[in-house]
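This report goes through the cross-links, the ligand surroundings and the aromatic pairs of one structure. The sequence and the model come first, and the description follows.

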Amino acid sequence: MSSVMVMVLAICPLFIHAVRPSGDLWDLKCLPTLGIVGQTTVVSCSFKGFDDIEIVGVTLRRVTEDKPFLEIWKNGKKTEDPRFSLETKEMGLSLKIFDTHFSDEGKYLYHVETDRGGKTVQISISITAKYQNPNTNTWPEEIPDGGRAANLYCNASDGYPAGFIHWFDRAGTNWTKNSDLTKTTKDINGFKSVALSSKLTFKSIDLSLAPFTCVVLNSKYEQDGESTLLLKTSKHDGVSDPDSLPSNATNIIAGVMVIGSLIVGLLLALLVFRKRNVQRKTNENPETGNMMD
Ligand SMILES: *[C@@H]1O[C@H](CO)[C@@H](O)[C@H](O)[C@H]1NC(C)=O
Ligand SMILES: *[C@@H]1O[C@H](CO)[C@@H](O)[C@H](O)[C@H]1NC(C)=O
């Protein structure tokens, strides 16, 4: 009697195991992914449902193609791509792409086969390229104080897709509204890039607001770089004076000469004074000298 019970108990779990394809009891989810050209991109995928699920194999193909370009099965069968790999962390079945290319952008079908059946999810990968650190300059190169017109430029290249450039003054006030952004898109052999050029225009610039900072943002409004413009200001409150530096130099030289001649004069006076003193002493000395002799 008891041995029959034991047998039933022993068979039951096997039976349940065999019956549970339980497709709806587990789930596979992959996050939409943003990769950066030249870097490693991870497509994060996670399982939900069972802890003891066993993965039998995975395949990956583009939605536009019939055949998977990546196939890994537990029984050893493989189709590989040198840049794509699986990252198996506990229940994670994330995909890793080394040296991400622009051509990796697109939609994929990711199939995971387990001992509880298979699931296919669609993966969407978009690719961005980071903007280079911005270059800046001003027009005019030297900005005269006193409410003159001036343009500040901030250019960033080699990014993708088109981003943004925002402007702030030393107090953090947002000046972006006064700026004008130009985007130039290039496509060289499938390597897409955008050059951004922002011009911040002042009809009359207040130099107490300097330094200004331009911030380069990617298409997702994440910061890629920034640059602070150290404005060159011309001392004269007027039209930029090309003679200002040389005349400053002459002033300095003149100053040095005046002080120098004063010192020389003083030294001369001191010498004359000492000579007189010595002469006076030698005039007095002969008598004593004679007495000594
Ligand atoms: C930025 O681009 C503008 C417009 O093309 C140009 O006038 C300016 O000289 C450029 N500045 C730098 C630092 O490249
Ligand atoms: C600055 O102004 C721009 C344009 O008006 C806006 O898009 C941006 O969000 C502002 N940035 C901050 C940090 O307030």
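With the bonded cysteines of the protein chain numbered in sequence order, the pairing reads 1-2, 3-4. The model is a predicted one, and a search of the whole structure finds two disulfides in it. A disulfide is a covalent bond between the sulfur atoms of two cysteines.

One of these bonds joins Cys30 to Cys45, with an S to S distance of 2.1 Å. The pair links distant parts of the chain: Cys30 belongs to strand β1 (residues 27-30) and Cys45 to strand β4 (residues 45-48), 15 residues apart. The torsion about the S-S bond of Cys30 and Cys45 is about 110 degrees, so this disulfide is right-handed. Cys30 has a relative accessibility of 17% and therefore counts as buried. Cys45, at 5% relative accessibility, counts as buried too.

The link of Cys154 and Cys214 is right-handed, with 65 degrees about the S-S bond. Cys154 and Cys214 are both buried.

The next topic is the two ligands. What residues lie around ligand 1? They are Asn135, Thr136, Asn137, Tyr153, Asn155 and Ser197. Strands β12 (135-139) and β14 each supply at least two residues of this shell, and β12 gives the largest share, three residues. By class, the shell around ligand 1 divides into one nonpolar residue, five polar residues and no charged residue.

Ligand 2 has its own surroundings, made up of His166, Phe168, Asn174, Thr176 and Lys177. The shell around ligand 2 holds one nonpolar, three polar and one charged residues.

| Ligand | Ligand atom | Side chain | Distance |
|---|---|---|---|
| Ligand 1 | nitrogen | Asn137 | 3.0 Å |
| Ligand 1 | oxygen | Asn155 | 2.4 Å |
| Ligand 1 | oxygen | Ser197 | 3.2 Å |
| Ligand 2 | oxygen | Asn174 | 2.4 Å |

On its own, ligand 1 has 360 Å² of accessible area, and the protein covers 51% of that. For ligand 2, the protein covers 41% of the 360 Å² of accessible area that the ligand has on its own.

The aromatic side chains come next. A pair of aromatic rings is described by the distance of the centres and the angle of the planes. The count for this model comes to ten aromatic pairs.

In one of them, the rings of Phe102 and Tyr160 have their centres 5.2 Å apart and their planes at 90 degrees, so the pair is edge-to-face. The pair links distant parts of the chain: Phe102 sits in the loop between β9 (92-97) and β10 (106-114), and Tyr160 in the loop between β14 and β15 (164-168), 58 residues apart. Both Phe102 and Tyr160 are buried.

How are the rings of Phe164 and Tyr221 arranged, stacked or edge-to-face? This aromatic pair is stacked, at 4.3 Å centre to centre and with 10 degrees between the planes. Phe164 lies in strand β15 and Tyr221 in the loop between β18 and β19 (223-229), so the pair ties together parts that are 57 residues apart in sequence. Elsewhere, Phe69, Phe84 and Tyr108 form one aromatic cluster.

Thr33 counts as buried because its relative accessibility is 7%. The side chain of Thr33 reaches the backbone oxygen of Leu31 at 3.0 Å.

Conventions. Residues are numbered from 1 along each chain as its sequence is written. Chains are lettered from A and ligands numbered from 1 in the order in which they are written. This is a predicted model: local features need pLDDT of at least 70, side-chain atom pairs count only at pLDDT 80 or more; totals for chains, interfaces and linings use all residues. Side-chain values use heavy atoms; hydrogens and water are left out. A disulfide is a pair of cysteine sulfur atoms within 2.5 Å. Helices (H or I, at least four residues) and strands (E, at least two) are DSSP runs, numbered from the N terminus. Buried means under 20% relative accessible area, exposed over 50%, partly exposed in between (1.4 Å probe, protein chains only). A residue is near a molecule or strand if one of its heavy atoms lies within 4 Å of it. A polar contact is a pair of N or O atoms within 3.5 Å; within protein, one must be able to donate a hydrogen and the other to accept it, and residues adjacent in sequence count only if both atoms are side-chain atoms. Accessible areas come from the Shrake-Rupley method with a 1.4 Å probe; for residues, only the protein chains shown count as cover. Ala, Val, Leu, Ile, Met, Phe, Trp, Tyr, Cys and Pro count as nonpolar, Asp, Glu, Lys and Arg as charged, and the others, Gly among them, as polar. Rings of Phe, Tyr and Trp (its six-membered ring) pair if their centres lie within 6.5 Å; planes under 30 degrees apart count as stacked, over 60 as edge-to-face and the rest as tilted.
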